[in-house]
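Reader: I want to learn how to read a few features of a protein model. Can we take them one at a time?

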Amino acid sequence: MRILLGITGGIAAYKAAEVARLLTRQGHAVRCVLTEAGARFITPLTLASLTGQPVFGANPDLGEWRANPVVEHIDLARWADLVAVAPATADILGKTANGLATDLLSTLLLATRAPVLWAPAMNTAMWSHPAVRANVARLKSFGHSLIEPVEGLLACGEEGGGKLAEVEAIVDAILALGSPRHPALEGKKVLVTAGPTREDLDPVRTLTNRSTGAMGIEMARALRNAGAEVHLVLGGDGPAFPLYGLAPTRVRSAAEMLAACEKLWPAMDGLVAAAAVADQRPETCSAEKVKKGEGPERLTLVRTPDILATLSDAKRPGQWLLGFAAESEGHLENAAAKLTRKRLDAILANDVADGQGFGDQANTLTPVTAEGPQPALGPLPKDELAQAAVAWWAHRLAALSPSQP
Ligand code: CTP
């Protein structure tokens, strides 16, 4: 992806370096455009060194410069798959909302046909000023997207809204808005279950498993980036930063996860079941903390509902189901058995022998369909593995229903 990163004059400009670094590390081409005020907070040399790309715009000592003599604002505007401005000051929001083109960044913001993402940062009073609110509303009416500033201690010493969103959240929003769409998934409604469930014994004790939910969250992001409308039902602690356009339905137990999924399922085109649902729960959950007794104690466990199998039973024609199978032995055979038992379109088998597949490590998934095991995906970090799995599934969907766009 080719990203044009506009950087305007705010104390948060230093965080733009990290946005540029993370995107470059993920293989994207990032070209930075500085306003004159932006270049007083962060140097072109820093950004050029991090991105390996030329930096454009203004240098407070040298004036506005040009990397080449052609019509640069048009060239850059055409080059970009997405334009992001982080941090965006009240000034650049106001200029663009009103069609002013006074420097390279404001000019190319008028000239671009690519999606535009704003990540504003300013003093709380400025952010809540009616003029800024009106400019933001106007920019949204142009189809521009915005990642809201967060609450926190601002550089001016005030506490409140106006702090630049987290760097990871900005990168996530850039990928959500600028990634290439996949025709088989674009506009499709996909339900994703992710994370562990927690089955309570009493107000302080719970039964759960080692799943972090990372793979399911990455699947949700990859589907969203491919253009799907994703509905994420999430157990466990959840992501470290807010996911762009993915406000999850948070659940605790398998029963809660099933209730949330059953509500959504009739309107969905497909399901990706990545949750590590606890298969058993304590027969009773005590309202008060249970006191310890003498000697060995017994805990009676009962089965939780199988969410994937229940939704498969309620499937209407045209809906598809994709499962996961985490297995510590015979992973391909066991996955194939689950594919048949739960009547799935495909299952992604994950070998979790010796603790593989949990947490941050690189991981491998083998898709299994009615035709048998397909070529393995990975080993890859979970975000790239999810992208590979979504690409595999999108190609298969397109091949299965070639008449659909
Ligand atoms: N699954 C589910 N609800 C459950 C259990 C599993 O929706 N109560 C889904 C998982 O999200 C996954 C698939 O079913 O997509 C397989 O999950 P897994 O735990 O590997 O298999 P189980 O069916 O629980 O079988 P077993 O524990 O015997 O391996």
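This is a predicted model: local features need pLDDT of at least 70, side-chain atom pairs count only at pLDDT 80 or more; totals for chains, interfaces and linings use all residues.

Author: Start with helix packing. Two packed helices are described by the angle between their axes and the distance between the axes. Here, helix α5 (residues 90-97) packs against helix α8 (residues 130-141) at about 50°, and their axes are 9 Å apart.

Reader: Is α5 oblique or roughly parallel to α8?

Author: Oblique. Angles under 35 degrees would count as roughly parallel, and 65 to 115 as roughly perpendicular. The α5 and α8 crossing is left-handed.

Reader: Which residues of α5 and α8 make the contact?

Author: From α5, Ala90, Leu93, Gly94, Thr96 and Ala97. From α8, Val132, Asn135, Val136, Arg138 and Leu139. Sorted by class, this contact of α5 with α8 has six nonpolar residues, three polar and one charged.

Reader: Next, aromatic rings. How many aromatic pairs does the structure hold?

Author: Two. For each pair, read the distance between centres and the angle between planes. Take tryptophan 392 and tryptophan 393: the ring centres are 5.9 Å apart and the planes are at 40°, so this pair is tilted.

Reader: Is tryptophan 392 buried or exposed?

Author: Buried. The cut-off is under 20% relative accessible area, and tryptophan 392 has 17%. Tryptophan 393 is buried too, at 2%.

Reader: How many residues of helix α6 are buried?

Author: In α6 (residues 104-111), six of the eight are buried, so the helix is largely enclosed by the rest of the structure. The buried residues are Leu104, Leu105, Ser106, Thr107, Leu108 and Leu109.

Reader: Which peptide bonds are cis here?

Author: One runs from alanine 86 to proline 87, with omega near -5°. Proline 87 sits in strand β5 (residues 82-88). Another cis bond runs from glycine 378 to proline 379, with omega near 5°. Proline 379 belongs to strand β22 (residues 377-380).

Reader: And phi? What is the value near arginine 343?

Author: Phi of arginine 343 is near 50°, a positive value in a residue other than glycine. Arginine 343 lies in the loop between α13 (331-341) and β19 (346-351). With a relative accessible area of 43%, arginine 343 is partly exposed.

Technical notes:
Residues are numbered from 1 along each chain as its sequence is written. Side-chain values use heavy atoms; hydrogens and water are left out. Axes are lines fitted to C-alpha atoms, for helices over the stretch in contact, and angles run from 0 to 180 degrees between N-to-C directions. Helices (H or I, at least four residues) and strands (E, at least two) are DSSP runs, numbered from the N terminus. Angles under 35 degrees count as roughly parallel, over 145 as roughly antiparallel, 65 to 115 as roughly perpendicular and the rest as oblique. A crossing is left-handed if the near helix is turned anticlockwise from the far one by less than a right angle, and right-handed if clockwise. Contact means heavy atoms within 4.5 Å. Ala, Val, Leu, Ile, Met, Phe, Trp, Tyr, Cys and Pro count as nonpolar, Asp, Glu, Lys and Arg as charged, and the others, Gly among them, as polar. Rings of Phe, Tyr and Trp (its six-membered ring) pair if their centres lie within 6.5 Å; planes under 30 degrees apart count as stacked, over 60 as edge-to-face and the rest as tilted. Buried means under 20% relative accessible area, exposed over 50%, partly exposed in between (1.4 Å probe, protein chains only).
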